[in-house]
Amino acid sequence: MDKPFILRISELAILVLFASVCLTMSDSAATPLDQHATGSSAAPAVHIIYTERPQDEEPEAYHIRTLSAVLGSEEAAKEALLYSYKSAASGFSAKLTPEQVEQISKQPGVLQVVPSRTYQLHGANNLQ
């Protein structure tokens, strides 16, 4: 009877070790790759700005006008604009400092501003 008990303790130890490794991997899998990309909190970072759908204006022109109100010029807005979303959602992505994020959040028609995140998932194919 002693052998099955010892075997069960060994199996339990292996199971606990496996679970802790899985938890550690899942924690690192949920860490954004761009989290450590910049050392300064004032550095521009990519954000996605969700807006109301423009009624009498092309979406990209509306996005540039919204950005211009914060960045001060149409040229600066065009430079900061990375992509205009026109189909499934209305909005755009742009590189903005934390102060600019705060300002654009207060603009008429802006619904939400969220940081863009890139995640690296770990799996059997990624561990080789």
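**Salt bridges in the predicted model**

Glu74 and Lys78 sit in helix H3, which covers residues 74–80, and four residues, about one turn of the helix, separate them. Helices here are DSSP runs of H or I with at least four residues, numbered from the N terminus. The structure is a predicted model, where local features need pLDDT of at least 70 and side-chain atom pairs count only at pLDDT 80 or more, while totals for chains, interfaces and linings use all residues. Residues are numbered from 1 along each chain as its sequence is written, and side-chain values use heavy atoms, with hydrogens and water left out.

Side chains of opposite charge can pair when their charged atoms come close. In this structure, there are four salt bridges (a salt bridge being a side-chain nitrogen of Lys or Arg within 4 Å of a carboxyl oxygen of Asp or Glu). The helix H3 pair is one of them: Glu74 and Lys78 meet through their side chains, at 3.1 Å from N to O. Glu74 is partly exposed, at 44% relative accessible area, and Lys78 is partly exposed too, at 47%. For these labels, buried means under 20% relative accessible area, exposed means over 50%, and partly exposed is what lies in between (1.4 Å probe, protein chains only).

Another salt bridge links Arg65 to Glu57, with 2.8 Å between the closest N and O atoms. Arg65 comes out as partly exposed at 47%, and Glu57 is also partly exposed, at 28%. Then there is Glu102, which pairs with Lys106 in a salt bridge whose closest N and O atoms are 3.6 Å apart. Lys106 counts as exposed, its relative accessible area being 63%.

Note on methods. Helices (H or I, at least four residues) and strands (E, at least two) are DSSP runs, numbered from the N terminus.
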